[in-house]
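Reader: I would like to go through one structure step by step. Could you show it, then take my questions in turn?

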Amino acid sequence: MARSTKDWSAKVTEESDARDLEEDVFLRDDPKDVARSLKRSAERSDRRNTEPFRSAMSMLTFCINRAGKNLRARRRRVLEDAKDELRTLYGRKRKN
C-alpha cells in the first residue's frame with residue numbers, strides 16, 4: 001500500500017480539529033465526560049466546517065472507526081454511550 005494512502009488517518013489527526021481536543025479525551029471512563037469535552041472543543045474551534053454537534057460526533061466516530069477491531073468492548077461501550085450523551089447535550093433524539 002502506498003505510504004500516502006496508508007497514513008491518511010495520521011494526517012487527519014494532526015491537521016484537523018483533533019488538535020483542539022483535550023488530552024486523552026477518548027480514554028476517559030465516563031461517557032458524560034467524553035461528551036462534554038467534545039462539545040467544548042467543537043464549540044471553541046474556529047476551524048470546523050460544520051455545526052458543533054456534527055463536528056463533535058465526527059471526531060468521536062473517527063476515533064471509534066480508527067480503532068476498529070483493536071478497541072476493547074468496554075472502551076467501545078463508553079464511546080458509543082458518549083454518542084448518546086452528545087445527542088442529549090445538543091437536544092437531539094437518541095438512536096434506539
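This is a predicted model: local features need pLDDT of at least 70, side-chain atom pairs count only at pLDDT 80 or more; totals for chains, interfaces and linings use all residues.

Reader: How are H4 and H5 oriented to each other, roughly parallel or roughly antiparallel?

Author: The axes of helix H4 and helix H5 come within 10 Å and cross at roughly 170 degrees. Angles over 145 degrees count as roughly antiparallel. H4 is therefore, relative to H5, roughly antiparallel.

Reader: Which residues of H5 make the contact with H4, and how many residues of that contact are polar?

Author: From H4 come Phe53, Ala56, Met57, Leu60, Thr61, Cys63 and Ile64. From H5 come Arg76, Leu79, Glu80, Ala82, Lys83, Leu86 and Arg87. By class, nine residues of the contact of H4 with H5 are nonpolar and four are charged, and the number that are polar is one.

Reader: What is the orientation of H3 to H5?

Author: Helix H3 covers residues 31–44 and helix H5 covers residues 73–89. These two pack at an angle of about 55 degrees, their axes being 8 Å apart.

Reader: How many charged residues are in the contact of H3 with H5?

Author: H3 brings Pro31, Lys32, Val34, Ala35, Arg36, Leu38 and Lys39, which meet residues of H5 including Asp81 and Glu85. The residues of this contact divide into nine nonpolar, no polar and, as charged ones, five.

Reader: What is the handedness of the crossing of H3 and H4?

Author: H3 and H4 pack with their axes 8 Å apart, at an angle of about 125 degrees. That makes H3 oblique to H4. In H3, Val34, Leu38, Lys39, Ala42 and Glu43 meet Pro52, Ser55, Ala56, Met59 and Leu60 in H4. The crossing of H3 and H4 is right-handed.

Reader: Which residues does Leu79 touch, not counting residues up to four places away in sequence?

Author: Leaving out residues up to four places away in sequence, Leu79 touches Phe26, Val34, Leu60, Cys63, Ile64 and Leu71.

Terms used:
Residues are numbered from 1 along each chain as its sequence is written. Side-chain values use heavy atoms; hydrogens and water are left out. Axes are lines fitted to C-alpha atoms, for helices over the stretch in contact, and angles run from 0 to 180 degrees between N-to-C directions. Helices (H or I, at least four residues) and strands (E, at least two) are DSSP runs, numbered from the N terminus. Contact means heavy atoms within 4.5 Å. Ala, Val, Leu, Ile, Met, Phe, Trp, Tyr, Cys and Pro count as nonpolar, Asp, Glu, Lys and Arg as charged, and the others, Gly among them, as polar. Angles under 35 degrees count as roughly parallel, over 145 as roughly antiparallel, 65 to 115 as roughly perpendicular and the rest as oblique. A crossing is left-handed if the near helix is turned anticlockwise from the far one by less than a right angle, and right-handed if clockwise.
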